[in-house]
Amino acid sequence: MPRTRAAQTGRPPLPEPAQFALTKWRDEVGGEADLIDDADRFAAAGIPLGWVIIDNPWESATCVGSLTFDSRRYPDPARTIANLHARGLRVMMWVSPTARDWCSTGLYPPNRLFGDGSLRAIDLTDPAVAAAFERRLEALLRTGIDGFKVDRGDEVDLEGE
């Protein structure tokens with residue numbers, strides 16, 4: 001009798017239960033109050049929520065690519081995340097491998113930004129650029145976030161570059 005692939009390789013482990021939990025996302029988040037309101041409304045309705053996504057715009061609109069919180073919307077990001085954790089929620093950050101031309105000076109070399117327009121893709125194939133991007137992600141992890149929603153890596157056609 002032929003052996004199944006599972007018999008040959010073993011069954012994959014089940015993901016942790018949190019991976020199956022309901023996620024709350026809104027396209028534009030005005031700040032901590034929106035996130036707390038979302039969490040509290042789900043709780044009041046008896047709907048179990050596992051994750052919230054801090055989505056656009058969480059960075060300063062003038063400096064997308066810095067991967068730093070807009071201090072007007074999030075004056076204390078660690079407190080925001082702690083408040084969500086206190087409600088039993090995990091927190092995911094929306095991140096994009098893009099940067100605005102006018103704020104990328106000092107963040108990424110200009111010749112490592114691709115595409116047309118003011119919002120350009122960061123060349124993560126360059127080891128130094130990738131390391132700088134990773135350092136910014138690590139700083140976000142230190143605020144207490146639990147994961148990333150990675151987006152927009154497919155919007156620049158690198159074939160012509």
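Modeller: Let us start with threonine 80, which is found in helix 3, residues 77–86; helices (H or I, at least four residues) and strands (E, at least two) are DSSP runs, numbered from the N terminus. This is a predicted model, in which local features need pLDDT of at least 70 and side-chain atom pairs count only at pLDDT 80 or more, while totals for chains, interfaces and linings use all residues. Residues are numbered from 1 along each chain as its sequence is written, and side-chain values use heavy atoms, with hydrogens and water left out.

Biologist: Why is threonine 80 called buried?

Modeller: Buried means under 20% relative accessible area, exposed over 50%, and partly exposed in between, with a 1.4 Å probe and protein chains only. Threonine 80 has a relative accessible area of 1%, and therefore counts as buried.

Biologist: What makes the link between threonine 80 and glutamate 32 a polar contact?

Modeller: A polar contact is a pair of N or O atoms within 3.5 Å; within protein, one must be able to donate a hydrogen and the other to accept it, and residues adjacent in sequence count only if both atoms are side-chain atoms. The side chains of threonine 80 and glutamate 32 are joined at 3.1 Å, and this is a polar contact.

Biologist: Which residues is threonine 80 in contact with, leaving aside its neighbours within four places in sequence?

Modeller: With those neighbours left aside, threonine 80 is in contact with Glu32, Leu35 and Tyr74, where contact means heavy atoms within 4.5 Å.

Biologist: What makes strand 3 mostly covered?

Modeller: Five of the six residues of strand 3, residues 90–95, are buried. In the protein, buried residues make up 39% of the 161 residues.

Biologist: Why is leucine 67 called buried?

Modeller: Leucine 67 has a relative accessible area of 3%, so the residue is buried. Leucine 67 lies in the loop between strand 2 and helix 3, and has a positive phi of about 55° although it is not a glycine.
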